[in-house]
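Welcome, and please have a look at the model below.

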Amino acid sequence: MKILYNLAFCYLGVPIIFSRGVINISIMLDLIKSFLLKVILEIRSFLIHVFNIIKYEKNFVLTHVFHGVDLDTTTSNSIEIKKVTIDNLMDASIYEPARKINIFIEFLNSGDLGYYAYYSGQFAHRIWVTFGPNKVARWKRYAVINLNEKECCIHWGETMPRFRNKGILQAVLNKIGNDLIKDGFTVYASTTIDNKSSRQSILKSGYKLVEVVSVKNIFGFRIEKSIPEICWDKYI
């Protein structure tokens with residue numbers, strides 16, 4: 001009984017409550033349940049982490065650079081694009097959980113640039129730009145790009161499902177490129193070969209392919225290989 005008391009006190013930070021010199025069994029059982037739940041959640045989190053490290057993954061990461069093209073006038077007038085500030089940050093909460101909103105706050109605090117897109121006045125899309133010098137993974141934790149001064153990388157882009165296929169990503173990518181190229185930045189945008197809609201949007205918005213990287217993860221061993229330009233035709 002003393003051992004259980006010590007465990008509950010050390011791991012839960014709450015002493016067992018005594019009633020007339022006798023341990024309150026009900027409270028003690030609740031504390032033990034809470035302690036065991038914490039242990040189970042920690043084990044679950046650890047196992048998920050290990051699985052993500054060792055699971056087999058394979059893809060091709062395609063990186064593009066903006067080359068200064070304006071979209072034609074057919075771009076939908078229903079799309080409005082705004083830079084993210086502390087004042088409109090919470091607009092994304094209609095779709096994003098609190099955990100991601102906190103990540104967006106961290107992005108802002110670290111100097112990243114965010115863009116929100118609205119369709120007919122409704123929040124529809126978010127995307128972020130990070131600046132060099134920095135190292136950024138272009139797909140999950142793979143294909144890290146080394147950003148130098150005056151280089152930036154677009155990441156963390158997502159369109160709400162009901163607003164997809166409306167040209168929103170294309171419009172946002174083009175605006176980001178034109179905004180930043182004026183300040184002398186080289187703007188990179190990456191996707192994977194299996195994300196056809198993203199690939200099409202990137203190419204249509206004024207970006208051209210500059211690098212293809214083959215990525216494999218086999219039981220935690222990462223294999224990355226740059227694909228020669230002569231073979232790029234199959235990836236465009």
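## Ground rules

Helices (H or I, at least four residues) and strands (E, at least two) are DSSP runs, numbered from the N terminus. This is a predicted model, in which local features need pLDDT of at least 70 and side-chain atom pairs count only at pLDDT 80 or more, while totals for chains, interfaces and linings use all residues. Residues are numbered from 1 along each chain as its sequence is written, and side-chain values use heavy atoms, with hydrogens and water left out.

Let us start with β5, which spans residues 113-119. Seven of its seven residues are buried, so the strand is largely enclosed by the rest of the structure. Here, buried means under 20% relative accessible area, exposed over 50%, and partly exposed in between (1.4 Å probe, protein chains only). Leu113, Tyr115, Ala117 and Tyr119 point one way from β5, with Gly114, Tyr116 and Tyr118 pointing the other way.

Strands count as paired if DSSP finds at least two bridges between them. β4 (residues 79-83) runs antiparallel to β5 and is joined to it by five bridges, with Ile81 opposite Ala117. β6 (residues 122-131) is also antiparallel to β5, through seven bridges, and here Tyr116 faces Arg126. Two residues lie between the strands of the β5 and β6 hairpin, where Ser120 adopts a positive phi near 50°.

## The largest pocket

On a 1 Å grid over the protein atoms alone, a pocket is an open set of points where a 1.4 Å probe fits, with protein on both sides within 12 Å along at least five of seven lines; lining residues have an atom within 4 Å of a point. Grid points are joined across faces, edges and corners, and a volume is the space filled by probe spheres set on the points. The largest pocket has a volume of about 900 Å³. Its lining counts 33 residues, and Gly157, Leu169, Thr191, Asn195 and Ser198 are the closest to its centre.

Elements that give two or more residues to this lining include α4 (168-181), β10 (186-192) and α5 (196-204). The largest share, seven residues, belongs to β9. By type, the lining has 12 nonpolar, 15 polar and six charged residues; Ala, Val, Leu, Ile, Met, Phe, Trp, Tyr, Cys and Pro count as nonpolar, Asp, Glu, Lys and Arg as charged, and the others, Gly among them, as polar.

## Aromatic contacts

Rings of Phe, Tyr and Trp (its six-membered ring) pair if their centres lie within 6.5 Å; planes under 30 degrees apart count as stacked, over 60 as edge-to-face and the rest as tilted. The structure holds 11 such pairs. One of them, Phe104 with Trp156, is edge-to-face, at 6.1 Å centre to centre and 85° between the planes. This pair links helix α3 (residues 98-109) to strand β9, across 52 residues. Phe104 is buried at 0% relative accessible area, whereas Trp156 is partly exposed at 31%.

A charge sits over a ring if NZ of Lys or CZ of Arg is within 6 Å of the ring centre and within 35 degrees of the ring normal. Lys82 does this over Tyr118, 5.1 Å from the ring centre, and Lys150 over Phe185, at 4.5 Å.

## Backbone details

Trp156, in strand β9, has a positive phi of about 55° although it is not a glycine. Lys140 also has a positive phi, near 50°; this exposed residue lies in the loop between β7 and β8 (142-147). Finally, Gly132 and Pro133 are joined by a cis peptide bond with omega of about 5°, and Pro133 is in the loop between β6 and β7.
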